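Good morning, and thank you for coming. I shall take you through one structure, a few elements at a time. Please keep the display in view while I speak.

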Amino acid sequence: MSKVLLLNGSPNEFGCTYTALTELQKVLEKNGVETELLQVGKEFPTGCNACRACKKDAVCVVGDRVSDIARRIDEFDGIVAGSPVYYAGPSSQICAFLDRLFFCCGRKMAGKVAAAVVSCRRGGAQTAFERLNLYFGMNNMVVATSQYWNEVHGNTPEQVQQDLEGLQTMRTLGENMAWILRCIEAGRAAGVKGPEYEAPIATNFIR
């Protein structure tokens, strides 16, 4: 059975972002996908201090929830990063969490299915959505999409419940993620090999 980690980057544990994520979560579970919803926005995670100790064993040494998920990252076949929109960007909590998680586990993300979900009162959703997707795009992940950008609108969970298009977008995203995960499982069962990557080349602009 596939398993998806849903990260709630809002400091409001049961707010608008939670409402969007649980709409998606219900569809994943209906399709037989196991889920884990983790609240990361309540406790402010420490940002990456560039100690690079994680390069030894791909686990952050700080010793918090990021470290815990880094140790368990192989459990998950997919990751959803959810965040409210603050000044047209994601919350600082989700960014700090993802900065550290992807720095230490980036190579383990390859082939996992990923999606970003954002919640906003009115504007700024696109830039926040794009910011979150940048983590996925440079780590060989499979990005799931929906019928619209993955966003809901409202200032309270009750208002988000009135955003019928936004909630439908979450449900469609859930169907697409579940379908991609089934396709990956079927491919592995049929002996389809994953991509073979070259050794990474890092080119600096100043030599």
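Let us begin with a pair of strands: E1 and E2 run parallel and are joined by six bridges. Two strands pair if DSSP finds at least two bridges between them. Helices (H or I, at least four residues) and strands (E, at least two) are DSSP runs, numbered from the N terminus. Within this pair, Leu5 stands opposite Glu36 in E2.

A word on the source. This is a predicted model, in which local features need pLDDT of at least 70 and side-chain atom pairs count only at pLDDT 80 or more, while totals for chains, interfaces and linings use all residues. Residues are numbered from 1 along each chain as its sequence is written, and side-chain values use heavy atoms, with hydrogens and water left out.

How many of the six residues of E1 are buried? Six of the six are, so E1 is largely enclosed by the rest of the structure. Buried means under 20% relative accessible area, exposed over 50%, and partly exposed in between, with a 1.4 Å probe and protein chains only. In a regular strand the side chains alternate between the two faces of the sheet. Here, Lys3, Leu5 and Leu7 point one way from E1, Val4, Leu6 and Asn8 point the other way, and all are buried.

Gln25 counts as buried because its relative accessibility is 15%. Not counting residues up to four places away in sequence, Gln25 touches Leu6, Thr35 and Leu37; contact means heavy atoms within 4.5 Å.

Next comes helix H2, residues 65-72, where Val66, Ser67, Ile69, Ala70 and Arg72 are buried. Against which elements do the buried residues of H2 pack? They pack against strand E1 (3-8), strand E2 (34-39) and helix H3 (92-105). At the start of H2, a side-chain oxygen of Asp64 comes to within 3.1 Å of the backbone nitrogen of Val66.

H3 also packs with helix H4, residues 125-137, at an angle of about 10° and with the axes 11 Å apart. That makes H3 roughly parallel to H4, a term for angles under 35 degrees. The contact is made by Ile94, Cys95, Leu98, Asp99 and Phe102 of H3 and by Arg131, Leu132, Tyr135 and Phe136 of H4.

Is Lys112 buried or exposed? Lys112 counts as buried, because its relative accessibility is 8%. Leaving aside neighbours within four places in sequence, Lys112 is in contact with Ile73, Asp74, Phe76, Asp77, Met141 and Val142. The C-alpha atoms of Lys112 and Ile79 are separated by 7.4 Å, although the two are 33 residues apart along the chain.

Arg182, in helix H6 (residues 164-189), is partly exposed, with a relative accessible area of 38%. Arg182 and Gly32 are 150 residues apart in sequence and 9.7 Å apart in space, C-alpha to C-alpha.

I close with the backbone. Most residues other than glycine have a negative phi. Arg52, in the loop between E2 and H2, has a positive phi of about 65° although it is not a glycine. Ala88, in the loop between strand E3 (78-84) and H3, also has a positive phi, near 70°. With 34% relative accessibility, Ala88 counts as partly exposed.

Conventions. A polar contact is a pair of N or O atoms within 3.5 Å; within protein, one must be able to donate a hydrogen and the other to accept it, and residues adjacent in sequence count only if both atoms are side-chain atoms. Axes are lines fitted to C-alpha atoms, for helices over the stretch in contact, and angles run from 0 to 180 degrees between N-to-C directions. Angles under 35 degrees count as roughly parallel, over 145 as roughly antiparallel, 65 to 115 as roughly perpendicular and the rest as oblique.
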